[in-house]
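Please consult the sequence and structure shown below while reading.

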Amino acid sequence: MAGGVIVNTAGGKEYPGKLTLFVFMTCIVAATGGLIFGYDLGISGGVIAMDPFLKKFFPDVYRKEKEDKNTNQYCNFDSQLLTTFTSSLYLAALVASFFAATATRMFGRKWSMFGGGLVFLVGAALNGSAKDVAMLIIGRILLGIGVGFANQSVPVYLSEMAPARLRGMLNMCFQLMITIGILCANLINYGTDKIKAGYGWRISLALAAVPAAIITIGSLFLPDTPNSLIDRGHDEAAHEMLRKIRGTDDISDEYNDLVAASQESKQIKHPWANILRRKYRAQLTMAIMIPFFQQLTGINVITFYAPILFKTLGFGSNASLMSAVITGLVNVFATLVSIFTVDKLGRRKLFLQGGAQMLISQILVGTLIAIKFGTSGVANIHKVYAAFIVFFICIYVAGFAWSWGPLGWLVPSEIFPLEIRSAGQSINVSVNMLFTFAIAQAFLAMLCHLKFGLFYFFAGWVVIMTIFIAFFLPETKNVPIEEMVLVWKGHWFWGKYIADEDVHVGRVEMSNGKAKDSAI
């Protein structure tokens, strides 16, 4: 039906069009922005488990680690300077995300990616050639600025380019690239740790330049999204781009909705103040709570401290890195599962199933550690017993990788109307980085003081976040971004915050709180 729209069972329109090769390739290139974040998450934990690195930059930690093994192993790596090295990146990313919001809106998504990749490249060079801790931390700050810009722009770019019915799959390519980055970092750490001359850590840190170069060069070849082009006044270019990415000339309905959304957004002079308005209460809550909960799953404890965690549990240096590689592999394959199921099963089912799986595995891991180490932190564990711990950690990682991992980036990137999209994504990234920083800074001290109870601590948060999703997150699969307001309007709790006159998507009108489309 030419010029018409198809009613979608999810409550939104399904615009004509298909997944073109052009869209697929641009989304893959854009998603490589996740490589820089993933590589850093994986590389830092492995490097700080390497003796030559500790001996050069953190001699006190090195001496404590080499002391009598009959001491409390929970506290071997408790050093605020060491955690500052890891967590400084996330604080820098937090600050950078606010500047990235403005850059993304004014210059387009692709230039934000380019800038992020370029700064990350400089940070990688500094880290690889570091002479002292100050140089390391400055390099980490530059890496953080790069991550802040990339994490701000990539998820939004992917959500805007993808057809609504495949938005989940294409957006999750970002999380897939994060997991591939983590796995590559784990493999590199495993290899460089074997270099007897002791400079392996330099190679690990310097190779961050590779993913940085990929997104920096790749972004130069990316087109801008139709949404961004319209928002910046390039209507004809936007119309042509939309026709190209949808693979059809029948784009009038989607184009008109994008124009309507842009016109509304241009009436908003101060998006940071506007996002606090009552009608955006649902989106603002999700932009804060989802990244907050994502970090309190405890995943980053596993991701960037996995080698240290396994070393604490009695694994040798190389064995601990190998265990991190195993969890990295599980992460990649489980993310692939989510990519192929998210647009069929929906967001809520994956959130809820993943939450239950993480809860059970965290309780089991905490209990297994408690049985052997108790509160004294002194134990020698058998290889079979250690293998069980690694197995349940892998079950936990799989649960995260097909739920909170990719969905923590997908859902916030798809729920904001254009007028507050950059500000909303900036809040999402900044909250994510704030709590990544907090967990990174506090983890080693928490492990020292909470001991095995640390896993129960995160399990408790998993219960809370799963209940939150069950009651407050509506299903958003297959709904066009510019029609997402209809989903919130129809929700039992959030609907009361949205007045009928606040819903005007294209030709959609509201009657007694019900959505009607005059094109049907």
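Helices (H or I, at least four residues) and strands (E, at least two) are DSSP runs, numbered from the N terminus. The model is predicted: local features need pLDDT of at least 70, side-chain atom pairs count only at pLDDT 80 or more, and totals for chains, interfaces and linings use all residues. Residues are numbered from 1 along each chain as its sequence is written, and side-chain values use heavy atoms, with hydrogens and water left out.

## Asn171

Asn171 belongs to helix H8 (residues 167–192). Its relative accessible area is 1%, so Asn171 is buried (under 20% relative accessible area; exposed is over 50%, partly exposed in between; 1.4 Å probe, protein chains only).

Leaving aside residues up to four places away in sequence, Asn171 touches Pro155, Leu158, Ser159, Trp409, Leu410 and Ser413 (heavy atoms within 4.5 Å). With Ser413, Asn171 also forms a side-chain to side-chain polar contact at 3.0 Å (a pair of N or O atoms within 3.5 Å; within protein, one must be able to donate a hydrogen and the other to accept it, and residues adjacent in sequence count only if both atoms are side-chain atoms).

## Asn478

The loop between helix H22 (453–472) and helix H23 (484–489) contains Asn478. Asn478 is not a glycine, yet its phi is positive, about 65°. Most residues other than glycine have a negative phi. Asn478 counts as buried, at 15% relative accessibility.

## Charges over rings

Lys244 lies over the face of Phe22, 4.3 Å from the ring centre (NZ of Lys or CZ of Arg within 6 Å of the ring centre and within 35 degrees of the ring normal). The charged end of Lys110 sits over the ring of Trp111, at 5.1 Å from its centre.
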